[in-house]
Amino acid sequence: GIEEYKKALEDVIISKPEVVFAYETPGKQKPGLEVRELHESKRKIKKIRKKALFFESVEALKKISKTPYNDFTEWRSIKKKQLENFSVDFMLYDGKILYTNFSKHEPKAIIIEDKALYDMQKNIFLSLWLEAKYQTVLPIKQK
């Protein structure tokens with residue numbers, strides 16, 4: 001439920017990883033929006049960087065283009081032909097994996113703490129990251 005989801009996201013902040021590697025589904029309607037927005041705010045205040053991969057779609061690109069730029073979040077897209085599409089959020093941080101599935105009413109979050117599984121997933125993520133298309137919106141500099 002939402003309270004457990006909140007606690008799972010708080011674990012990311014408490015762990016204070018240098019970087020979070022995340023698979024996300026921007027633009028999809030998901031419960032717990034306020035919780036995620038609060039988490040993202042805390043993450044940026046703590047200067048925890050996030051590298052986020054998402055499946056390229058019109059809906060996702062639209063959402064990313066409306067997201068205000070910050071120095072602690074980088075977005076890259078992957079084509080559906082590279083990997084079978086999935087609609088869960090998956091965060092890798094500090095030797096842990098936070099898996100979140102969004103049902104119609106409440107998110108379901110599971111934290112797995114397993115160094116070997118974390119290392120394997122991180123290697124897969126970084127391999128995809130190198131091939132992914134840069135999508136971070138850069139701020140417009142005023143003259």
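Student: Does K96 count as buried or exposed?
Tutor: This is a predicted model, in which local features need pLDDT of at least 70 and side-chain atom pairs count only at pLDDT 80 or more, while totals for chains, interfaces and linings use all residues. Residues are numbered from 1 along each chain as its sequence is written, and side-chain values use heavy atoms, with hydrogens and water left out. Buried means under 20% relative accessible area, exposed over 50% and partly exposed in between (1.4 Å probe, protein chains only). K96 has a relative accessibility of 10%, so K96 counts as buried.

Student: Which strand holds K96?
Tutor: Helices (H or I, at least four residues) and strands (E, at least two) are DSSP runs numbered from the N terminus. K96 falls in the run of residues 96-102, which is strand β5.

Student: Which residues does K96 touch?
Tutor: Contact means heavy atoms within 4.5 Å. Leaving out residues up to four places away in sequence, K96 touches D11, S15, M91, I111, I112, E113 and Y118.

Student: How many of the residues of β5 are buried?
Tutor: β5 is largely enclosed by the rest of the structure.

Student: Over how many bridges does β5 pair with β6?
Tutor: Two strands pair if DSSP finds at least two bridges between them. β4 (residues 89-93) and β5 pair in the antiparallel sense over 5 bridges, and Y93 stands opposite K96 there. On the β6 side, L98 stands opposite I111. β5 and β6 (residues 107-113) are also antiparallel, and their bridges number 7.

Student: How many residues lie between the strands in the hairpin of β5 and β6?
Tutor: The hairpin of β4 and β5 has 2 residues between its strands. For β5 and β6 the number is 4.

Student: What is the phi of D94?
Tutor: D94 is in the loop between β4 and β5, and at 44% relative accessibility D94 counts as partly exposed. Most residues other than glycine have a negative phi. D94 is not a glycine, yet its phi is positive, near 45 degrees.

Student: What separates the C-alpha atoms of P26 and I111?
Tutor: P26 lies in the loop between β1 (19-23) and α2 (33-45) and counts as buried at 11% relative accessibility. Its contacts, not counting residues up to four places away in sequence, are F54, E59, A60, K63, I64 and W75. P26 and I111 are 85 residues apart along the chain, and their C-alpha atoms are separated by 21 Å.

Student: In what order do the elements of the protein chain run?
Tutor: The chain has 4 helices and 7 strands. From the N terminus on, the order is α-β-α-β-α-β-β-β-β-α-β.

Student: What is the radius of gyration of the protein chain?
Tutor: The radius is taken over C-alpha atoms, and the globule rule is 2.2 Å times the number of residues to the power 0.38. For 143 residues, a compact globule would have a value near 15 Å, and the chain agrees, with 15 Å.

Student: What percentage of the 143 residues count as buried?
Tutor: The C-alpha trace spans about 45 × 30 × 30 Å along its principal axes. Among contacts between residues at least 6 apart in sequence, 74% join residues at least 24 apart. The buried share of the 143 residues is 42%.
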